[in-house]
Amino acid sequence: MCTFTCLSFVGFLCLYSFLFNFVNGTPQTAPTLPPTTPISRNTESTTRHTTNQTQITTTRRITTTPKITCQPSQVVFIISDDKPPGHKEKISISCNNWGNKNVSFHLEMAFDEDRYFAVQYFQRYNYLQVTVKNTLKTNYNRPTHLTVKEEPFRNVTLNRIPFYINVIEMNDPPSIFPSELKTSVPEDVAVGSIIGSLNFSDPDMGEWEEWRELEVYSQDIPEELRIDRLANGTILLKTNKTLDADKYRNYSQINSTMGFLVEQADEGPIIHFTIEVKDKPGLTSAAIVSLTIIDIADENPVCTEQTVMIKTHVKKIGDLITSLYGICDVGNYVKRGLSYSLLHDNCTAFSVVPDGFVTVRNKIPDNTRFCLLTVEAADGAVPTLTANFTIGIILRFCPSDTDYRNIKWEVGMPRNYTVHRCPPGSNGRVTRYCNENEEYQDPVYNCTSSVIADIHKKLKRDGDSANVIEVLDTLAAATSESSRNDTLLIGDMNTINSTLSIITDLITVNTTNVDHVTYSFMETANNILELKTTPTWKVMINQTGSGAETVLENIDRFVEKIVSTRNTTIAVPKSNLYLKIGSIKACEKAISFPDRGSDSVSEWAQTTQDQIVIGCGDETVKSYSGVMYRNLSQIIPSTTIDNRSTGVQLNAPVMSFTYFPSIKRQLDSPVEITFQLYNNHWEHARCSFWEETNGSQGFWSEEGCQQKEDDQNKGTVVCVCEHLTNFAVLMSPSSPSKVPEDHATALSIISMTGCIISMICLFLTAALHIYFWRVVKSVRSILHINLSCSLFIAYILFLSGINRTEHKDVCTAMAVLLHLVFLTVFFIMLTEGINLAYIAIKPLNTRKPYTQQPGIHLLIASYVLAVIIVAVSMGVTKLEGYGTENKCWLSTETGLIWAFIVPVLVIIALNVIIVAIVIWVMCGTAAISRKSSMGRLKTALRSILILTPIMGLTWVFGAFSINEDTLIFQYLFAIFNSLQGLLIFIFHCLVNKKIRATLRRKRPKWLSSDSTGASSSERQKMKTQDTTDL
C-alpha cells in the first residue's frame, strides 16, 4: 500500500513538470552554434569587449510568453583557450517583470560544462559572471541553456536562454629576423652564391608538420635572386642569374612592373625588397632586404679570335653559314648578351643578325673562293662598348669549268655529283663527281647513241636468227667518223663491245665471206680505238678500272674463229691497228711480225722498230696471227699482279702473237719482242703480258718474261718470253731528282774514295786517343772514340752492303743495320754538342769528375734511342720499306725514310744552336774580347771549322741535294760526308795540342818503356785549355 502511494506521488510530479514546461513554451532542442574564428593576442582587448557584450541572435520564436523576459534572448560566450583556471568573464544581461522576486541563473548540464565553467549572477549590477574552472580545450564548442529560476523556489523556471560556449585557439603571428637585412655583393659573383640569410619562427608551431605550413615568399624580389628555405628555420638568399649593376643604373620604378625600389649610390645600385613569412591562419611578418650590387668597371667585349676562319660549301640565299656564339664575350665579369652587326663584306653576299647568325643574303659571285667579313660585337647593356673581328669564309666547291667536250659545268659541292643531260640523240645521263679536294673529276658520259642502241637491241632480240653480217656492217658504218657528228661516249663503248661480243658468238664464217666479215669487224674495232676516243677510255679506267682491254679480248676471240675457217693469209691494215693472219707453210726459219717488207703493213707500223721474232713452231702449228695496236697503250689499265698500277705505265705499243692451234705448254724457243719506247727517259722496264682472269679484272704479269736488252740510246727494250699472248712493256716515269749517269758515276767514285780515306783516319783517331789515354782522359775523348768507331762501322756497312739488292733478305738486314748505325752516329754527334756546351758554360773549378758529367749518361742514351727508333720502325712497317730495288736503304715510297730524316734534321738543328751558343760564350771571354774584330771573326770561323765534322753540320748540304738543278750541293755533300773521318782526324788529333805535345815528348824515347806522356804539371796545364782548344 505504501509503495503504491509513493509511485503515485512521483507520477504526479512528472506530469506537473511536463505541463509546466509546455505552458511556458520552453524549447526542447539544442540550438546551433554560430561559426567561430581564431583570434590573435594583438586583438585580445577587442575579443574581451565582444565577449562582455550580449550577442543577440533570434533562433526561434517563443509562442508562450515567459514569466520573465531577458535581454539578450541568447548569449554567445567566446573565450580563448589560453585563459587559466580562475579567470572570470562578465556578461551583461537584464530581465523585466521581476518585481521583488529574487532570481538566479543556472547552466544546464548537457555535457561537461560544469567541469570547465561556473556561472554566478549579480542581480544588482545586471551581469553574469562566468568563471573558468579548469584548463580549456581548443575548439570546445557546446550549445546549452541558461535557466532563470526564482529564489528560493528553484524548481520553478522563469525562462530558458540559449547559451553558446565557444573556446577558440589563440594564434600568435610568425616572426622573421633580422627585420632589416643589409648586404652587398659584386656583380661578378657566381650564380648560386649565398648573399644573405634570415631566420624565421612561429610560437604556435610545434611538430615539423606544423612548420611546413609556414609560407616563405617575396612579392617584389628581383629576377636575379631566389629564396631557399631550409628545415632549420633558415632562409638563404641566393643569386639565380648573373647580376648586372648597369641594368639597375637606369632603372625606372615608374615604368617597372616589379614592386622593389632602387636607390642609386656611388658603389652601385641598392635594391630594396621584402621577404615575408605567413602562417596557416594568415598572420604574416616581413623583413626588408637592402642589396647593394657593387658595380665593376665595364670594358669592351673581348673576342677570343681576331680572325675566325670558316670552311663551308657554297650556299643558297637564306642558308645559314655559322653562328658567332662563343667567339666574343662581354668585357666585364657580367655575362651579358652581345649584339652583332656586319660592318663590311667584300663579297656583298652575307648578313649578320644581332643574335650572331651569319646567313647568305645575296648570290655569291661565281668561283669566289674567299670572303672577308668585318663584324662588330656590342655589349647588350652598354652599346658603346664594342669590339671588331673578322670572319674569313672559305668557300669549298669545285669551280665551274668546261670539260673536254666543251660542255660547261657549274659550281659543284664537294663529295657530290653534278648531273647533266646527254647530248641530243643519246640516252642516259652525264655525271661529274666533285671530290673532297674540291677538284672536279672527269665527267662520265654514260650516254648511248640511239642508233647504236637500236643495233644492239635488234641483235639481242633476233638472237640466232639475226643477220649477223648485216648487223656488223651497220655497226661499222655507225661507228665511223663520217657518219657521226660527235665522239663516242662511255655508253657507246660499252654497247659496241657488248655487240661485238655477241657477234663473235653468233657469226658463221665461210671462205666466201671471211674477208668481208674480217674487214667489217676490224673496222669497228679500229673506230673505237681512234685517238679521239682516248678521253672516253681514260674516264672509264678512272671510274671502273676497266678500259679498252675488252676490245683486245674481242679481237682475240674473233681472230681465233677466223683462223679456224681459213688457213690462208689475211692482212688488215688500219689507222689504229694492224692484223696479220698467216700460214706456217711459208715459214722457213722464223716469223717476223710485222713483216715490213710487205705492202700490206700499215704505214704507221712501217716506221717503228717494234717487232716480234719467233720460230716457225712444231709440226702441230698450222697458222698464226699477229696484232699490233697503235693507241691501245694509253687506254688500257696498267694494273700489275700486285695491284700496283701507281707509278708504272705502258711505254710502248701493245703487240699480240698466237699460234693456231694454240700451244699451251712452254715454247721450245722463246719469242723475242722488241719495243720502241714512247719516252726514252723512263726507267725500270718490265717485260709483261696481259693475263685474263675469270670473273675479275685482268692484269699485267711478268711471269715467263724477262728483259734482254734496254738501250736508252736507241730507245728500245728487248724482251724474251716463253709463251705467246698480248705483250707490252711497263716502265716508271723518271724521277725529276734523278742524277745524270755521268755525274752519278763521278759522285760514286768520290764517295768510295772518301770513305776509304775516312776509315783509315777514324782508325788512327781512335787508336791515338786510346794510346794517349792518360794524357787526353776526358769525356770529350770518350765521345771522340765512340764517334770514330761508329762511323768506321757505318762506312764498312755502306761500302759492303748498300748495293746488295740481289738477295732480298740480305738487303733488308743491311738496310736495318745501316739505319741503326747512322742513327747512333747522329745521336753521338748530338752528345758531342751538348758536352761542348757544358764545357763552355760550366767553369773549370765547378765541374764534376768526368765519370759523373752528363756526357757519359747522354752517350748511353744515344745507343738506347737509336735502338728504340729502329725497333719501332721495324715493328710498325713489318720490315716493309727496308731495302729498295736499287739500294739497301730506307724506302721513300712507304715513308720509312722519315724515321731517319726527322731525327737527323732535329739533331742538326740543335747542334747549329749549340755552336752559336758556344761561339757567343767564347767571344765573351776576356782573352778573346781583347782581340780586334777581325781576330774575333777568325776565332769564330776556326771554331766552326773544328766543330763541323764532329757535330754533323756537313749533312746540311744533303737538304739541298734534291735534283739535277742543285748538282753542286750533291758534290759538296759527297765530299764532306765521305771525308768526315779525315776532318775529325785533322782537327781533333793532329791539331790537338795535348796529342801534339805528347808526340813531341815521345819521339826521342819512342822505344822506351815510359809511356806516361807529359808530366803532371804539364797535364794540369793542358786541362786548362779545354775551353779554348776546340
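## Backbone exceptions, cores and a pocket in a predicted model

Lys 878 lies in the loop between α17 (854-877) and α18 (898-923); helices (H or I, at least four residues) and strands (E, at least two) are DSSP runs, numbered from the N terminus. This is a predicted model, in which local features need pLDDT of at least 70, side-chain atom pairs count only at pLDDT 80 or more, and totals for chains, interfaces and linings use all residues. Residues are numbered from 1 along each chain as its sequence is written, and side-chain values use heavy atoms, with hydrogens and water left out.

Most residues other than glycine have a negative phi, and most peptide bonds are trans. The table gives the exceptions discussed here.

| Residue or bond | Value | Loop |
| Phe 177 to Pro 178, cis | omega about 0° | Pro 178: between β12 (175-177) and β13 (180-186) |
| Phe 660 to Pro 661, cis | omega near -10° | Pro 661: between β41 and β42 (671-676) |

Lys 878 counts as exposed at 71% relative accessibility, whereas Glu 438 is buried at 18%. Buried means under 20% relative accessible area, exposed over 50%, and partly exposed in between (1.4 Å probe, protein chains only).

A nonpolar core is a set of buried Ala, Val, Leu, Ile, Met, Phe, Trp, Tyr and Cys residues joined through side-chain atoms within 4.5 Å. The largest has 53 residues, and Leu 529, Ile 555, Tyr 629 and Leu 632 have the most contacts inside it. Helix α11 (residues 549-563) contributes the most to this core, with 7 residues. Beyond neighbours within four places in sequence, Ile 555 is in contact (heavy atoms within 4.5 Å) with Phe 521, Met 522, Ala 525, Leu 577, Val 627 and Tyr 629. A second, separate core has 52 residues, including Leu 797, Ile 897, Ile 919 and Ile 984.

Helix α11 also gives the most to the lining of the second largest pocket, with 6 residues. On a 1 Å grid over the protein atoms alone, a pocket is an open set of points with protein on both sides within 12 Å along at least five of seven lines, and lining residues have an atom within 4 Å of a point. Its volume, the space filled by probe spheres set on the points, is about 790 Å³. Of the 29 lining residues, Thr 658, Ser 662, Lys 664, Leu 724 and Thr 725 are the closest to the centre.

Terms used. 1 Å grid on protein atoms, 1.4 Å probe; cavity = no way out; pocket = protein on both sides within 12 Å on 5 of 7 lines; lining within 4 Å.
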